[in-house]
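The points are set out for a colleague who wishes to check each one against the coordinates.

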Amino acid sequence: MEREIVEGILFVEDLQEFLSEIRSLASSNEVIIQAMDASKLVGLSHIDLAMRKAMRAFEEQQNVARDLGVEMMRYASGKRQIAEAFSLGLSEGENHVAFVVLGELEEAVLQTSDVLRDFVEISSVIEFRPEKRDVLIDHFEIHEAEIIAVGDARLPDLVLERVALVDVLK
């Protein structure tokens, strides 16, 4: 499966209308588009791990969501329940966004990604930065004792551990 990521800053005036546009774009290009709040991501490895785990869940018929994009977001969020996974979704107003585009045809994935780039102010928002610390600690329920044990620089590893543990919590 081909993958492309578009990241940047996105302003959403009407969330339902925007999501409808994204669904239409995905459908017309026969791709999956999953938008995620990049302020809760720690890098491309975070997205790739969630994507691999979601694909494996579908292959092994262990998926919780009916949609691969939602299953990927469930893993990326570190949450077991689909409703909780949407905490990694977009909101009205300014968003730091990562669009993950998945599809069988490279041309369709690239074409879709080009359209998505028109929606965002391209900016590096996926990688871990110290400014994300408090949001990540809160979202992934990381305890201060864990951070003391490994140090702030290893916070991304603790987040990836939460992603990996989603299966254990089933």
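1. Helices here are DSSP runs of H or I with at least four residues, numbered from the N terminus. On that basis, helix 1 gives the largest share of the lining of the largest pocket, namely five residues. The model under review is predicted.

2. The largest pocket has a volume of about 400 Å³. Its lining comprises 16 residues, and those nearest the centre are Leu19, Ile22, Arg23, Ile33 and Gln34. At least two lining residues come from each of helix 1 (15-29), strand 2 (32-37) and helix 3.

3. Turning to the charged side chains, the model has 13 salt bridges, counted with a cut-off of 4 Å between nitrogen and carboxyl oxygen. One of them pairs Glu4 with Arg117, with the closest N and O atoms 3.2 Å apart. This pair links distant parts of the chain, since Glu4 belongs to strand 1 (residues 2-12) and Arg117 to helix 5 (residues 106-117), at a separation of 113 residues. Glu4 is partly exposed, with a relative accessible area of 22%, and Arg117 is likewise partly exposed, at 30%.

4. A salt bridge also joins Lys79 and Glu141, whose closest N and O atoms are 3.5 Å apart. Lys79 is placed in the loop between helix 3 (68-77) and helix 4 (82-85), and Glu141 in the loop between helix 6 (133-139) and helix 7 (144-150), so the pair ties together parts 62 residues apart in sequence. Are the two partners buried or exposed? Lys79 counts as buried because its relative accessibility of 13% falls under the 20% cut-off. Glu141, in contrast, is exposed because its value of 54% is over 50%.

5. Arg162 and Glu146 meet through their side chains in a salt bridge with an N to O distance of 2.8 Å. Here the link runs between helix 8 (residues 155-165), which holds Arg162, and helix 7, which holds Glu146; the two residues are 16 apart. Arg162 has a relative accessible area of 14% and is therefore buried, the limit being 20%.

Conventions. Residues numbered from 1 in each chain as written. Predicted model: local features only at pLDDT ≥ 70, side-chain atom pairs only at ≥ 80, totals over all residues. Heavy atoms only, no water. Buried < 20%, exposed > 50% of the residue type's maximum accessible area, 1.4 Å probe, protein only. 1 Å grid on protein atoms, 1.4 Å probe; cavity = no way out; pocket = protein on both sides within 12 Å on 5 of 7 lines; lining within 4 Å. Points joined across faces, edges and corners; volume = space filled by probe spheres on them.
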